[in-house]
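Hi there,

Here is the structure I promised to pass on to you.

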Amino acid sequence: AAKDNQGVNALMLAARSGVAAAVRAALAAGWCELEARANDGSTAFLAACFKGHVECMQLLAEAGCSTAVIGHNGSNGLMLAACSGVAAAVRAVLAGGWCELEATSTDGSTAFLVACYNARVESIQLLVEAGCDKAATNNHGVNALMCAAHSGVAEAVRTALAAGWCELEARDSDGSTAFLAACFKGNVECMQLLAEAGCN
């Protein structure tokens with residue numbers, strides 16, 4: 001039942017490892033409280049989602065953990081899976097109906113915006129197919145195109161432009177556009193894509 005200085009227990013570490021047999025052993029032995037939280041608010045399930053460890057996620061869900069659990073920054077399993085870059089993890093959360101699709105973190109980000117910010121293109125597509133709000137913005141007015149531009153991954157910007165999810169000249173609360181975000185990050189290919197799309 002030991003925990004480290006960050007409040008992380010054996011089940012959380014097993015979930016982070018991605019080794020399903022380790023999670024299975026910890027669950028079978030009952031070493032740890034299923035819903036225990038680390039100091040940052042994460043549970044074993046959230047840890048597995050963040051790492052994109054699908055089998056570990058499924059084992060914890062089958063054990064009866066709360067799949068709707070939210071960490072201290074307001075992130076749920078779907079947002080963390082979207083951040084992980086493992087499309088299969090996003091697919092598993094969506095298929096299991098484990099999390100609310102349009103839930104927002106403390107900064108107003110949805111799983112879709114998280115995927116765009118981290119340029120997880122396959123996860124972006126999965127979330128779109130699931131019916132997410134493609135025009136969503138966070139608390140600072142940042143939309144999917146701005147997130148993609150910030151990521152520096154041209155494919156993410158190209159995808160957002162081709163799909164027409166966002167107004168090209170939309171501005172966030174600081175007055176920045178997707179083009180300015182790309183310039184700020186020095187993302188040349190993204191800058192060129194946005195310029196070719198006719199941005200100001």
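The lining of the second largest pocket divides into 4 nonpolar, 6 polar and 2 charged residues (Ala, Val, Leu, Ile, Met, Phe, Trp, Tyr, Cys and Pro count as nonpolar, Asp, Glu, Lys and Arg as charged, and the others, Gly among them, as polar). Among the lining residues are Arg 16, Asp 40, His 72 and Asn 73, and helix H3 (residues 44–51) gives the largest share, 3 residues. The volume is about 210 Å³.

This is a predicted model, so to speak of local features pLDDT must be at least 70, and side-chain atom pairs count only at pLDDT 80 or more, while totals for chains, interfaces and linings use all residues. Residues are numbered from 1 along each chain as its sequence is written, and side-chain values use heavy atoms, with hydrogens and water left out.

The largest pocket has a volume of about 480 Å³. Of its 24 lining residues, Asp 107, Ser 109, Tyr 117, Asn 138 and Cys 147 lie nearest the centre. Helices H5 (77–84), H7, H9 (144–151) and H11 (178–185) each give two or more residues to this lining, which divides into 12 nonpolar, 10 polar and 2 charged. For both pockets, a pocket is an open set of points on a 1 Å grid over the protein atoms alone, where a 1.4 Å probe fits, with protein on both sides within 12 Å along at least five of seven lines; lining residues have an atom within 4 Å of a point. A volume is the space filled by probe spheres set on the points, which are joined across faces, edges and corners.

Ala 119 has a positive phi of about 55 degrees although it is not a glycine. It is found in the loop between H7 (111–117) and H8 (121–129).

Finally, there are 0 disulfides (cysteine sulfur pairs within 2.5 Å). The sulfur of Cys 49 is 6.3 Å from the closest cysteine sulfur, in Cys 99, too far for a bond.

Best wishes

Definitions and conventions:
Helices (H or I, at least four residues) and strands (E, at least two) are DSSP runs, numbered from the N terminus.
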